[in-house]
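This report describes one protein model for a reader who is new to structural analysis. Please look at the sequence and the structure before reading on.

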Amino acid sequence: MLNFKNCFAYAVSFVFPIVCAVCGKTLHPLSKERICKDCKEKLPKINDVVCQICGTPLEGAEKFCNVCGKSRHLFSFNKMRSVYMYKNEMRSLVLKIKYSNKVFLANDFIDDMADVFRKNSFFNETDFIVPVPLNVIRHFKRGYNQAEFLAQGLAKAINKPLLTKVLVRKKITKPQFKLSKKEREENIKNSFYALSSPQIKNKTILLIDDIVTTGVTVSTCAYELKKAGAKKVYVLTLTRD
Ligand SMILES: [Zn+2]
Ligand SMILES: [Zn+2]
């Protein structure tokens, strides 16, 4: 349909064509996507064969990864799933979303996250969606929180309420690079707290982040949310390292 808005989009696209964020191919002027179909299909999607707890991709028929196989209660969250591996083009896309002011690229992944949400029936228990917060200063400097952006999109797609004030991240004062792995983990553990609110008491929270590496951050958030009254905490991340 050719209306004024569409005509304008066509006109602008002559001067500033919309191009795929991966291969640079010109996209349709009215395209909502910013990554072309071919590039999207090549991204390292995680299949269904994963650890039942932490979502680590598995080779064989076992139910748990080496870590969760030894202890089912290492993490404070109940279950975690991720959509893509943090490698190849997915790595550079996450870096663009995070550091190059291209948070709009995250829009291309909302449907993928909604698909993984629907595929795993335990996610249906979700009462509220909560993004992993940034500390106030970083949030202000960056102008946005990519986890919140993803959480907002997902909340809309699956029709669940979003809570952004319940989990808080304090500024870490000690520089992380000077610390050992253990000290860094301690630092992360001390940097989150959840406000106890009657709203989350006995509720199931779905925690959203753009990337999970060791799992310490999301596990700490889950621990704090449970301390504040939440019954269960599930985690869904766009990527895992
Ligand atoms: Zn492309
Ligand atoms: Zn596991």
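## Basis of the report

The model is predicted: local features need pLDDT of at least 70, side-chain atom pairs count only at pLDDT 80 or more, and totals for chains, interfaces and linings use all residues. Residues are numbered from 1 along each chain as its sequence is written, chains are lettered from A and ligands numbered from 1 in the order in which they are written, and side-chain values use heavy atoms, with hydrogens and water left out.

## The zinc sites

Donors are N, O and S atoms within 2.8 Å of the metal (3.2 Å for Na, K and Ca); water is not among the atoms, so sites may look incomplete.

The zinc ion (ligand 2) is coordinated at 2.3 to 2.4 Å by C51 (SG), C54 (SG), C65 (SG) and C68 (SG). The spacing of these donor residues in sequence is C-x2-C-x10-C-x2-C. The site of ligand 2 is tetrahedral, and its four donor atoms make angles of 105 to 114 degrees.

## The two domains

An automatic or database domain assignment gives the bounds of domain 1 (1-42) and domain 2 (51-240). Seven residues from domain 1 and nine residues from domain 2 take part in the contact, which means heavy atoms within 4.5 Å. The C-alpha centres of the two domains lie 31 Å apart.

One salt bridge is found across the interface, where the term denotes a side-chain nitrogen of Lys or Arg within 4 Å of a carboxyl oxygen of Asp or Glu.

Conventions:
Tetrahedral: all angles 85-135°; square planar, octahedral: opposite > 155°, others 65-115°.
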